[in-house]
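Visitor: I have a structure open and would like to go through it piece by piece. Can we start with the inside and work from there?

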Amino acid sequence: MLELRSLAIPDVKVIRPDRISDARGYFSETFQRSTFAEKGILHDFVQDNQSSSKRIGTVRGLHFQRPPFAQAKLTRVLSGAILDIAVDLRRSSSSFGKHVAIQLDSESGEQVFIPKGFAHGFCTLQPNTVVLYKVDQVYAPSHDGGVYWADPALEIEWPVTTSEAQLSPKDQILPTLNQLGCVFN
């Protein structure tokens with residue numbers, strides 16, 4: 001059984017797969033194409049990505065890929081916890097420039113599905129956090145893009161300040177939403 005619910009931007013979904021628990025721990029089927037298709041998630045995931053962040057307050061994002069290499073993502077936490085963020089970059093959407101945020105952790109087993117047209121990022125809430133995400137398009141460096149994580153126009157309540165956040169040099173210089181221009185119609 002797969003439990004699915006929409007967030008404030010309905011195209012972003014939270015998925016909770018069943019867990020079978022006993023004295024040893026648990027077993028969970030985290031992805032099966034036909035089960036996801038029955039719930040309306042009809043994507044052919046072609047690549048898995050995994051990140052490991054040693055420190056609390058590590059921010060990764062907000063990233064996206066431009067068409068024709070735009071990616072839908074299915075994100076989950078293998079170890080630790082994150083505040084997961086999706087920002088709607090679809091100009092024709094009534095939620096353009098708005099975001100949804102959800103805490104994901106390894107204990108709950110919840111996953112988030114983020115469709116194409118969104119920037120995605122997260123902040124680690126625990127040390128040694130490992131995040132796994134499936135994508136439906138391969139990585140294409142020439143189509144890589146992003147939005148500055150702390151852009152005030154996005155009104156994201158991050159759990160770290162700009163001076164506390166651990167960022168890559170690339171993420172430190174991403175454009176704001178107003179500087180970005182139209183990426184997705």
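**Inside the model**

Guide: This is a predicted model. Leaving out residues up to four places away in sequence, V147 touches G61, L62, F64, L89, A119, L154, L174, P175, T176, L177 and L180.

Visitor: Which residues touch the most other members of the largest nonpolar core?

Guide: They are V59, L62, F64, V87, L89, V147 and W158, in a core of 22 residues. Strand 6 (59–65), strand 8 (81–88), strand 11 (118–124) and helix 3 (177–180) each give two or more residues to this core.

Visitor: And what other core lies apart from it?

Guide: Another core of 17 residues, with V12, V77, V100 and F118 among its members. As a general point, nonpolar side chains tend to be buried together in soluble globular proteins.

Visitor: Back to strand 8. How many of its residues are buried?

Guide: Eight of the eight residues of strand 8 are buried, so the strand is largely enclosed by the rest of the structure.

Visitor: Which residues sit on which face of strand 8?

Guide: A81, L83, I85 and V87 are on one side, and I82, D84, A86 and D88 are on the other. Both faces are covered.

Visitor: What does strand 8 pair with?

Guide: Strand 8 pairs with strand 9 (residues 99–105) in the antiparallel sense, over seven bridges. Within that pairing, D84 has I102 as its bridge partner. Strand 8 is also joined to strand 11 by seven bridges, again running antiparallel. There, I85 is partnered by G121.

Visitor: New topic. In what order do the six strands of the open sheet come?

Guide: The order is 1-2-10-7-12-5, with antiparallel pairing. Strand 1 (2–6) and strand 5 (47–53) are the edge strands, each pairing on one side only. On average, neighbouring strands of this sheet are turned by 25° against each other, direction ignored.

Visitor: How many bridges join strand 5 to strand 12?

Guide: Seven, and the two strands run antiparallel. S53 stands opposite T129 of strand 12.

Visitor: How far is S51 from L78?

Guide: Their C-alpha atoms are separated by 9.9 Å, and the two residues are 27 residues apart along the chain.

Visitor: Now the backbone. Where are the cis peptide bonds?

Guide: One joins G61 and L62, with omega about 10°. L62 is in strand 6. Another cis bond runs from P67 to P68, with omega near 10°. P68 belongs to the loop between strand 6 and strand 7 (73–79).

Visitor: What about residues with positive phi that are not glycine?

Guide: N128 has a positive phi of about 55°. N128 sits in the loop between strand 11 and strand 12 (129–135), and with 49% relative accessibility it counts as partly exposed. E155 also has a positive phi, near 55°. E155 is in the loop between strand 13 (144–146) and helix 2 (169–172), and at 64% relative accessibility it counts as exposed.

Visitor: Is H143 buried or exposed?

Guide: Buried, at 19% relative accessibility. The cut-off for that class is under 20%. The side chain of H143 also makes a polar contact of 3.0 Å with the side chain of S142.

Key: Residues are numbered from 1 along each chain as its sequence is written. This is a predicted model: local features need pLDDT of at least 70, side-chain atom pairs count only at pLDDT 80 or more; totals for chains, interfaces and linings use all residues. Side-chain values use heavy atoms; hydrogens and water are left out. A nonpolar core is a set of buried Ala, Val, Leu, Ile, Met, Phe, Trp, Tyr and Cys residues joined through side-chain atoms within 4.5 Å. Buried means under 20% relative accessible area, exposed over 50%, partly exposed in between (1.4 Å probe, protein chains only). Helices (H or I, at least four residues) and strands (E, at least two) are DSSP runs, numbered from the N terminus. Contact means heavy atoms within 4.5 Å. Two strands pair if DSSP finds at least two bridges between them. Axes are lines fitted to C-alpha atoms, for helices over the stretch in contact, and angles run from 0 to 180 degrees between N-to-C directions. A polar contact is a pair of N or O atoms within 3.5 Å; within protein, one must be able to donate a hydrogen and the other to accept it, and residues adjacent in sequence count only if both atoms are side-chain atoms.
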